[in-house]
Amino acid sequence: LDLVIIAKPYKTDNLMTLNLKKDHFYVALPNDNPLAKKNKKSLNSTDIHRSKIFLLDEGHCLRDHALEACGPKARANVDAFKATSLLTLVQMVASGVGITLLPEIVINSQLVKNTKIRILEYENKKNYREICICWRKSSPRINEFNALTSFFMKNL
């Protein structure tokens with residue numbers, strides 16, 4: 001691959017890496033969940049630690065990122081069920097079975113539009129992953145990649 005866009009943390013040894021944006025985590029919960037009815041703009045790990053939390057299956061980097069964001073108390077309530085897709089996670093939450101953490105890039109997609117879930121900030125946007133653009137340090141196309149990076153940064 002000549003150029004990749006990844007979500008860090010991720011091993012990027014021997015790569016030129018430029019951060020494009022912070023991808024903050026949000027809590028997705030059913031509309032009828034007691035936490036959704038609280039008059040809070042942002043939930044924290046203490047708020048969610050008693051909830052059943054669903055995450056993607058092992059091997060998905062988003063699972064690792066979300067686990068890190070959960071904090072130790074909430075990690076204890078991560079359900080044994082592991083979803084194979086973001087669509088499955090959203091459907092599980094919409095059906096009232098539990099909650100999940102979703103990154104901003106998903107929140108702003110069509111995946112959660114017109115669903116029966118409420119999205120709240122998580123820990124006042126303290127937890128995020130970095131969306132980065134990477135290429136080999138030895139690439140002869142550095143000028144093109146820098147130009148593309150500039151374009152992304154102006155338009156994200």
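The model is predicted; local features require pLDDT of at least 70 and side-chain atom pairs pLDDT 80 or more, while totals for chains, interfaces and linings use all residues. Residues are numbered from 1 along each chain as its sequence is written, and side-chain values use heavy atoms, with hydrogens and water left out.

The chain comprises 7 helices and 8 strands (DSSP runs numbered from the N terminus; helices are H or I of at least four residues, strands E of at least two). Its C-alpha trace spans about 55 × 30 × 25 Å along the principal axes. Of its 156 residues, 43% are buried (under 20% relative accessible area, 1.4 Å probe, protein chains only). Among contacts (heavy atoms within 4.5 Å) with a separation of 6 or more, 79% join residues 24 or more positions apart.

Helix H5 covers residues 86–94. Leu89, Val90, Met92 and Val93 are buried there. Viewed down the axis of H5, the buried residues fall within an arc of 160° (taken from the directions from the helix axis to the C-beta atoms), so they line one face of the helix. Just after H5, Gly96 adopts a positive phi of about 90°.

The whole structure contains 0 disulfides (pairs of cysteine sulfur atoms within 2.5 Å). The closest cysteine sulfur to that of Cys132 belongs to Cys134 and lies 5.6 Å away, too far for a bond. Both cysteines are buried: Cys132 has 0% relative accessibility, and Cys134 has 1%.

Note on methods
Buried < 20%, exposed > 50% of the residue type's maximum accessible area, 1.4 Å probe, protein only.
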